[in-house]
Amino acid sequence: MDRHNFLAVDIGNSWYKALASENGILSEYQIPNAIALFDEEFYEKPYDDDDIVFEDNLIVEVKSQAVVDRREIFYIGKAAAKQRDVSLTAFNNQKVDEDRTYLLLFGLAGYHAVLQHPEETEITYSIDQLAVSLPTTQYKERKTRLKDKLAGTHTIIFHKVPGLSEPKELTVKVIINDVIVGAEGACAYLGLTRDQETLGIKDEELVKESQKGIIIGDLGGDSVDFVGIKNNKPVASVEGEPFGINQFLDHIIQRVSKKEMYRFDSRAELEEKLAEGPAGWYVEPFAGVRKDISKYILPQLKSMAIKYLEHFDRVRSSSSEIKGAVRYIAVGGAAKLAQKQIQEAAAKWSDRGRPIELTFPENMEKLNVLGLMILAKMNQLKRDKGSNHIMTTKG
């Protein structure tokens, strides 16, 4: 498998998380789900290119059949988050139909290629298997269309690349040979139970528990994706809901802006602050002025935790296939940020006689992208076996 190139991308509403495997070497990336139109007239040229970090200044032009407007240039990721006209995800957005999905995904793939070939200005990057995720509510109806839009050749032009002479451009031709789409939550189960190298079962106990039933609640930006696992396979009757952390982040951002005169660049900036824990829950609207913002954060995290458990309870009560589930697993970056509040809320549910004992696994925020990488490798293995069978038959 080491001779193949794999790319796994968790298309999150807050973050794009990616794992790239090139000749057996793993690279990991994470960029905010943010885009903004680039305007040459308003571009602030740096005094010195050495002051610019390429990852923080990604400006891309994407030439692809997947993108409707191929003439525009965009900031993506951290660069976009700093712009006043930044575009973040809308509630219940349809990922397959939005240009932002392809701008960010192809931009991230191109960025990886540039890092692998730092001396080149024209690069061709061939991906044997691209694995991407969709929310459970969009997976069944949209996965084929997403595959069709991603497969093929796409050209990414990076503008204003630090360290290059004028016109400071890099061109990457990304060739995607095969695409597999996974459902969020179900990919997390793969990440929990399978080994990255051997692809074999690594958690026999969890697989055994799946005979009775497991429910996974993947709490993300704009969706909570529930997956029921029975006999080591997802069940059809369990899906997700358009509910996530972004509405709570937006409320915190608005309150802090109004009360403390501090403007967060993006939800991603606030999430990074939340990840620091209570010690980092402050802002500095002016030099030397520190404002505690925990009073805006805690009520929102508690409210989200309560609603998350309500969704969990509804799912376990509504599906006949998964009744009697013996394990409830919380996954996703949002669940990790609010783990303490979810655990506190769960204790109150136990007091009321409706216990929801949640497991919070290690690397819970990365399980989907880890599962996607396994999915990519398994799909390549299946394809290689098919090719070998054809060659054997012909021979």
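Axes are taken here as lines fitted to C-alpha atoms, for helices over the stretch in contact, and the angles between their N-to-C directions run from 0 to 180 degrees. Helices (H or I, at least four residues) and strands (E, at least two) are DSSP runs numbered from the N terminus. The structure is a predicted model, in which local features need pLDDT of at least 70 and side-chain atom pairs count only at pLDDT 80 or more, whereas totals for chains, interfaces and linings use all residues. Residues are numbered from 1 along each chain as its sequence is written, and side-chain values use heavy atoms, with hydrogens and water left out.

The axes of helix 6 (residues 246-260) and helix 8 (residues 294-318) come within 10 Å and cross at roughly 165°. Helix 6 is therefore roughly antiparallel to helix 8, a description applied to angles over 145 degrees, with those under 35 counted as roughly parallel, 65 to 115 as roughly perpendicular and the rest as oblique. On the helix 6 side, Phe248, His251, Ile252, Arg255, Val256, Lys259 and Glu260 take part, and they meet Lys295, Tyr296, Ile297, Gln300, Ser303, Met304 and Lys307 of helix 8, where contact means heavy atoms within 4.5 Å. The residues of this contact divide into 6 nonpolar, 3 polar and 5 charged; Ala, Val, Leu, Ile, Met, Phe, Trp, Tyr, Cys and Pro count as nonpolar, Asp, Glu, Lys and Arg as charged, and the others, Gly among them, as polar. Gln300, in helix 8, is buried, with a relative accessible area of 14% (buried means under 20%, exposed over 50% and partly exposed in between, with a 1.4 Å probe and protein chains only). Apart from neighbours within four places in sequence, Gln300 is in contact with Phe248, His251 and Ile252.

In helix 7 (residues 267-275), the buried residues are Arg267, Ala268, Leu270, Glu271, Lys273 and Leu274. These buried residues pack against strand 2 (15-22), strand 3 (25-32), helix 6, strand 15 (282-286), helix 8 and helix 9 (333-337). At the start of helix 7, a side-chain oxygen of Ser266 lies within 3.3 Å of the backbone nitrogen of Ala268, and the helix is followed by Gly277, whose phi is positive, near 90°.

Several loops were also examined. Ser64, in the loop between strand 5 (59-63) and strand 6 (74-76), is buried at 4% relative accessibility. Not counting residues up to four places away in sequence, Ser64 touches Arg70, Phe106 and His154; the side chains of Ser64 and His154 are joined by a polar contact of 2.7 Å, a term for a pair of N or O atoms within 3.5 Å of which, within protein, one must be able to donate a hydrogen and the other to accept it, residues adjacent in sequence counting only if both atoms are side-chain atoms. Ser64 and Phe106 are 42 residues apart in sequence and 9.4 Å apart in space, C-alpha to C-alpha.

Most residues other than glycine have a negative phi, and most peptide bonds are trans. The peptide bond from Glu166 to Pro167 is cis, with omega near 10°, and Pro167 belongs to the loop between strand 9 (152-158) and strand 10 (170-176).
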